[in-house]
Protein chains: 2
Amino acid sequence: MLKEAIHHRPKDNYSYAYDKDTLHIQLRAKKGDLNEVTLIHGDPFEYYEDKPVLHHSEMRIIRHDEFFDYWFIAIEPIRYRTHYLFSLKDHHNEQVYFAEKGFLQEIPYDIPTAYFKFPFLNAVDVFQAPEWVKNTVWYQIFPERFNNGDEKLNPPGTLAWGSTEPEYDNFFGGDFEGVIQKLDYLKELGINGIYFTPIFKATTNHKYDTMDYFEIDPQFGDKETFKRLVKECHNRDIKVMLDAVFNHSGYYFEPFQDVVEHGQNSKYVEWFYINEFPLKTEPIPNYDTFAYEPKMPKLNTEHLELKRYLLDVARYWVEEFDIDGWRLDVANEVDHQFWREFRQEVKQVKEDVYILGEIWHDSMPWLRGDQFDAVMNYPFTEASLDFFARGNMNLGQFKNQINHVMASYPQNVNEVAFNLLGSHDTPRLLTRCNDDVQSAKQLMLFQLTFVGTPCVYYGDEIGMTGGQDPGCRKCMEWDESKQDLDLFHFVQNLIQLRKDEKSLHPASKFRFLTLEAQPRIVSYERSTEDESIIVVINPDDDEKVVELPYSHSDILISEGCQI
Amino acid sequence: MLKEAIHHRPKDNYSYAYDKDTLHIQLRAKKGDLNEVTLIHGDPFEYYEDKPVLHHSEMRIIRHDEFFDYWFIAIEPIRYRTHYLFSLKDHHNEQVYFAEKGFLQEIPYDIPTAYFKFPFLNAVDVFQAPEWVKNTVWYQIFPERFNNGDEKLNPPGTLAWGSTEPEYDNFFGGDFEGVIQKLDYLKELGINGIYFTPIFKATTNHKYDTMDYFEIDPQFGDKETFKRLVKECHNRDIKVMLDAVFNHSGYYFEPFQDVVEHGQNSKYVEWFYINEFPLKTEPIPNYDTFAYEPKMPKLNTEHLELKRYLLDVARYWVEEFDIDGWRLDVANEVDHQFWREFRQEVKQVKEDVYILGEIWHDSMPWLRGDQFDAVMNYPFTEASLDFFARGNMNLGQFKNQINHVMASYPQNVNEVAFNLLGSHDTPRLLTRCNDDVQSAKQLMLFQLTFVGTPCVYYGDEIGMTGGQDPGCRKCMEWDESKQDLDLFHFVQNLIQLRKDEKSLHPASKFRFLTLEAQPRIVSYERSTEDESIIVVINPDDDEKVVELPYSHSDILISEGCQI
């Protein structure tokens, strides 16, 4: 038995409340090393004839990655509390107990401190994203480039729609009116949530350099139009999520301008991280910024007054405009304490508001129930692209990576992971696929039948292309003759399938299948207790005949989704 | 290279802010497997000629336990942010990189998502216990049994001081006046913090069944006396910590009595977890309780009104009586959200108030800076007793256990761990040592020269005995002829030594030494940059000659502390 590989530490992805009654427990062991793992558990205070009452429950492997098997069990602890240890048996019949105290030869009946403990299942600590998110397919809109519906709002120098390539500093006049005009298009596609990149007053076309958090950028419309946009969305059962850029402001944010002007005497000095006066921007700014971008001075979110200001912002747009979610830009560079207060603040206004953090890395510390409901799941993105698009990962590695990401989080976190294949910050899906539509379809098929909530980047559904930004921020193509309508219908069908089939619901089970003698074909099952869907994806060009690991009598074949 | 043994996940004990400038990074590997670990790190946004700027820093092993070496480094990240990976080399010269993406053959220069990341070192998220705690030696008082200073307050049936053994329900009349009378004794001993078990109005002698959180139990005195007690303590530079029993109330807590009386119609129904009406206590209560104790109904700390009530309690005793700390009873069964608000509430009133949770297990989830400053370090207690008192652990196992506990937490957490050798909940130290004073001395020597803040349970310093409670709650022995004065002076000397020697400060380094051919002798070094203290403990009866792993010229021998 390879004891160095065995790992369990209560909380996070190893033991967590799945809901207010259910505890999930996971143990990691070397791949293939153990053949029996039993959870021995009981109420720490329950005794029978002076002996602690302990139950034995078999665990099973639910996934494995390159090095490890993940053993799993769900239990409903008596009176919401439990302590436990594991009985491990390997293939050589070596048997040992594993507890907080380490590896033991016997069950430490009389030493309660030796056990692992999940002290109490408090409902308020359960990680719980809004229920509606699980049924949501997101659509990301970069407002300057989606549709120009009101030419009167065009900023000076606005170019004709799609007349040229997007640049860092050109404008095409996309606006709210334009979005409203296209809501029926989105409804037809089937999405039911829109994530807007920033809409507040700013100087750039991307608006990540906020000037005024309480004002809408005039090129997009006014507050009345935005209110109407939200209403029109809600009328169509489409949720609305805005982008909160709280890590940094824009250079022209009034308080920062006050510091530029009054230096040390500005009353806003402590809203930022100023290293010396006078301020300078070259060769690198002498104040903290996002990256080294002088236009984006970092906000000191620890400062009580600034914090109150930003929390008021967060509150305002929910309270006054009834938005349904906040996406948080550069979320991991802002302090945890700020996000905890942010959550309390916005959930107080609207209990089921959704909070999505932009984090590109492993994100457990933000997903413990006290901060975010989800993060942008770039590890999913990268693994999927590596396999389907870039071809620099084989099937085994792909399955390992996906399983690894899933094993890193609680199941309720995975159920609402924000799974994207591209965004305004990356090259477009089709471009990443070297313009191979088949690969792009495979990726979207995987994304839309996987656990979590998918997001389509505007235009990806009609085969738009574009490299790293600004390339990926082209004007939406509205000329149907230039849209890939076959791709549109493919995505539309998948979204519909996802809505129709219970086994594609994020809370349904996911497992990769192993197809004999098919080292390239991706296959997995999504299932509830009653039904299941098997997805088989052939990433190659040649036709293949596969044998599913089921007898025919088990299966009621339904119409599939042809690629 | 045993890849299954290699572990690192950012935050918690693997990468954390030690202070607002310093990041500590730890990597775990199989014991003895690697001979070189290098941290490769840089600002994620710093490039030079289009290549990311990366620094190479050697890590070193700072401790090991049964299975693992722990490699460590402290760095000060440029602009408070860093991403990193590890270069690992084993004894067979196999070299590999280890990053968030897994094991890699090359540095992933162009794939920032492949790195581990510590996104930003936000000062407010740094775990930081009050500075004074690091210089504190605690003394735990069980008020009913420390000293009877005002006989007028004796509850009916009070027994003569020490006239009989302690029982679950007998009273001896200890009170605040009694404590005040003995403060000079405590000052002489050298302690500078008192932890009082509960003092609020309750029915039992231990007062863990609170009736009124805003009232002092009349057998101890009134608020004036308590105010005087705190003042007298502060005059002697002694801090005062009270016990908050917020997991459950007493049966006679007015709101619970209201539920007993009015059943479902009580407005306090939701302050508790009532499973059915009418309430019954037999055979087990039909409402949730601490353990199965009907006298201790569990409080629903998620309920907003009750939460406000308890936070007001927490605030009141700090604000009105200037207490310095709260010890939180059964802290791990109360929700995290409550404790987060608790921390905000009390630190608002008094910034350097100390928060100590009663948790007997591994406690990382409470020690991330948002909840507690420390927990009662029972894993330290158990390992120490196993080796020094019970003899069921050999030296290697003892060192492994202590190192394992230390490796489980950030260094700033270890520096303020509340290290106890016994309490009102365990048999007394000397009794656990089978009345062998030598073992008790060794344990206290270890405790008082170890990292963290030690606590002496009242009477242990004069050799009192007693088994599991109520045995451990005897009346304090004030008859000097019955006190072990030699032990008293031993403890007194150690406390003084701890105060005098910088290298015994909790922030000083700790490492076990290995003495050749001495499989039983415990030896360790505490050191600052300038000086160090070496402690050598012979747990056996026979004299031994040991050779320290230093040349004589290195050492300036100072007067030691003879056992």
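**The interface and the aromatic pairs**

In this predicted model, the side chains of B:Lys30 and A:Glu4 meet in a salt bridge, with 3.2 Å from N to O. The rule finds 12 salt bridges across the interface of chain A and chain B, and the count of residue pairs in polar contact between these chains, both residues at pLDDT 80 or more, is 40. On the side of chain A that touches chain B, the elements giving two or more residues are strand E2 (23-30), helix H6 (336-349) and helix H7 (378-389), and H6(A) gives the most, with 5 residues. That side of chain A divides into 28 nonpolar, 12 polar and 27 charged residues. In total, 67 residues of chain A are in contact with 66 residues of chain B, and the area buried between the two chains is about 5,800 Å², of which carbon and sulfur atoms give 50%.

Turning to the aromatic rings, a search of the whole structure finds 134 aromatic pairs over all chains. One of them is the edge-to-face pair of A:Trp132 and A:Tyr354, 6.0 Å centre to centre with 65 degrees between the planes. Because A:Trp132 lies in the loop between strands E12 (116-118) and E13 (138-141) of chain A, and A:Tyr354 in strand E19 (residues 354-357) of chain A, the pair ties together parts that are 222 residues apart in sequence. A:Trp132 is buried, with a relative accessible area of 13%, and A:Tyr354 is buried with a value of 0%.

In chain B, the rings of B:Phe256 and B:Phe272 have their centres 4.8 Å apart and their planes at 70 degrees, so this pair is edge-to-face. B:Phe256 belongs to helix H4 (residues 254-262) of chain B, whereas B:Phe272, 16 residues apart from it, lies in the loop between H4 and helix H5 (304-321) of chain B. Both B:Phe256 and B:Phe272 are buried.

How values were computed
Residues numbered from 1 in each chain as written. Chains lettered and ligands numbered in written order. Heavy atoms only, no water. Contact = heavy atoms within 4.5 Å. Buried area = accessible area lost by both parts, 1.4 Å probe. Salt bridge = Lys/Arg side-chain N within 4 Å of Asp/Glu carboxyl O. Polar contact = N/O pair within 3.5 Å; in protein donor to acceptor, adjacent residues only side chain to side chain. Helix = DSSP H or I, 4+ residues; strand = E, 2+ residues; numbered from the N terminus. Nonpolar A, V, L, I, M, F, W, Y, C, P; charged D, E, K, R; others polar. Phe/Tyr/Trp six-rings, centres within 6.5 Å; stacked < 30°, edge-to-face > 60°. Buried < 20%, exposed > 50% of the residue type's maximum accessible area, 1.4 Å probe, protein only.
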